[in-house]
Amino acid sequence: MLDPGRVQSPCPPERPNLPPVRPARRHDAEEARLLPVSIGPQRASSDRLTRHSGWVILLAILVAITMAATVPTAPPAAAATGPKVAIIVGPGGSSTATFRRLADEAAAEASRYTSNVVRVYSPNATWSRVKAAIRGAAVVVYLGRGRGYPSPGYSTLVRATLDGFGLNPVAGGDNTTTKFYGENYVRAVPLAPNAVVLLSHVRYAPGYGESGRPQPTRSVARRRVDNYAAGFLAAGASAVIAEATGSPVYYIRAIFTRTMTLDAMWRAAPSRNGHVSSFHSTRTTGAIARLDPVHATSSYYRSIAGRLATSTAKVRVAIASATTAPPPRSAGRVSVPSSIDATGSTNVASALISFVNSVPDGSTIVFKKGGVYRLNAALKFAHRHNLTLEGNGATLKGVGGTTEASSLLWLGSFGGGNTGIVIRNFILAGNSTTPGVYKGGKEGAHGILIDGGSGIEISGVTVRGVWGDCLYIGSSATAVSFHDSNCASNGRNGVTVTSGTNVTVQRVAFPKSGYCTLDVEPNVRSEAARSIRFLDNTAGTWTNSFVSAEGAPGSVVNGVTISGNTVTGKSLLTVIGLARRANIVFTNNTSKVKAAGPVLRFAHIDGLTVTGNVQPLSSGVLASITDSTNVTYP
């Protein structure tokens, strides 16, 4: 059972050993309106590593005409199963035909192990199509132009356009005009847990730069590798491998067929040069990066960065649980029996738990349409796989207490973690007597409590009147998606993450949160929260802060993206400053309520981007940023 103190810990400013949030000094009134970075079409020079001739150019034109008509440019049909491998070809000018050939080789190899191979090729490689392709992908292969930092023409790291993809501005155009989607875009799209990203023939990614310019120093090459990997690692990748020459086929084959560390896999590649040097990442906490130049101190054409001790076997396990097309549900649809009261008149917790435990994995459990199931204890289960709970508009009505045991749904780690769980179309009604109001000591009963597990999707759910959080995530849960739902009234936080990786909350409404809308808070040093994305949500009111991402000193919070959210009843008050944190992105969020600045309070952060936010101010400034590095804030 979870530690009650852990479950009931409110978000940081309310904790007894921390000072409360104090109003900042007031200054002249202003309205902070930061415009997003404009990313216009760009043209890049050809790569010096690729030789060109007239017949190659002619071939590129002919292949472009053929491929535009025949190459798939969208994710595969829903019938595809197995690990998702996304292969992207960006506009590369006269190199595009070469990139397509290498991509086809990679796709053919991947198809030997999975039917879920997604190809998006120029001239149809737009951001919307690439984003759909890489979401949930276990292996991402990108061939195309790259822009990184440090580089000529950039005095600072511009995360909107650098260290990501070079793509087509619109579908069906040419293979030359390029629009760059940088780190901020990449980190906002969740990959599969432990995904591997292969950047092939992409400038800056392994260290080298533009043709005709001097070779970079080792220091510059290291910074380029570190920066280029950061967004992909924040999106859930275990490693980013960059190679300026050759084919990605070796890596795809090794991932699927060999058991070894990613480090050993990289070191054994046919392209190895034997000049490996290593360094600790300054962008991604805990990551190691290695260079392997052609010569001891020049020609930086190979690199790897990430959690290098990760085994290919572990990657394969993560791959299997992260496929976007679920395996066939051999047990089919199973309805909740009519013998379990669906009128809400009697308690059915024990009977419902027994029934769920009796249904085999791979099933869809269908609840009575519009039924009401009265529960005096959580509907909890563990060690289940590929199980769907189809609510069908039914209500789970809590009548228990205020501790975690009285949560509505509890996906536990007792007996083993859950994988491949889908929860949809429920109303989860708590028994709070003060809906949406925080009551200290009574915040343990949540709407949904995820205690470990992997590959969990929640959608079409309404949670109301719970004493605790709408959604609580802990015990190192991975690959959790919560979307298109309504957290109508929760006594504590809308979403709490104490220990989890690759969590996405998107298009969820939070009309009334008793404490914080989003709280990322490891409670002890051993807990970590990585790759947390809070995107395109709406919030009404909160009482402590819109966002808090703090927690115990020594714990890890790395890669939190808050983007595209709207707050209608309060300000964007965000407080991140208790402990050392890394890679925080706060972009394009909007509040309609005036507040005294600073509203955004950041401290002790390595890698901070604050752009495009709209917050009317009665006084002061929008943001306070102290003791932080790699800051982007216009």
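1. The side chains of Glu183 and Arg159 form a salt bridge at 3.9 Å, N to O, a salt bridge being a side-chain nitrogen of Lys or Arg within 4 Å of a carboxyl oxygen of Asp or Glu. Glu183 belongs to helix 5 (residues 183–186) and Arg159 to the loop between strand 4 (139–143) and strand 5 (165–167), so the pair ties together parts 24 residues apart in sequence; helices (H or I, at least four residues) and strands (E, at least two) are DSSP runs, numbered from the N terminus.

2. This is a predicted model, in which local features need pLDDT of at least 70 and side-chain atom pairs count only at pLDDT 80 or more, while totals for chains, interfaces and linings use all residues. Residues are numbered from 1 along each chain as its sequence is written, and side-chain values use heavy atoms, with hydrogens and water left out.

3. Glu183 counts as buried at 0% relative accessibility, and Arg159 counts as buried at 1%, where buried means under 20% relative accessible area, exposed over 50%, and partly exposed in between (1.4 Å probe, protein chains only). Both residues also take part in a network of salt bridges with Arg187 and Arg283, and the structure holds 18 salt bridges.

4. Another salt bridge joins Arg424 and Glu390 at 2.6 Å, N to O. Arg424 lies in strand 19 (residues 419–429) and Glu390 in strand 17 (residues 385–398), so this pair ties together parts 34 residues apart in sequence. Arg424 is partly exposed at 29% relative accessibility, whereas Glu390 is buried at 9%.

5. Helix 6 is mostly covered, with 12 of its 17 residues buried, among them Tyr228, Phe232 and Leu233.
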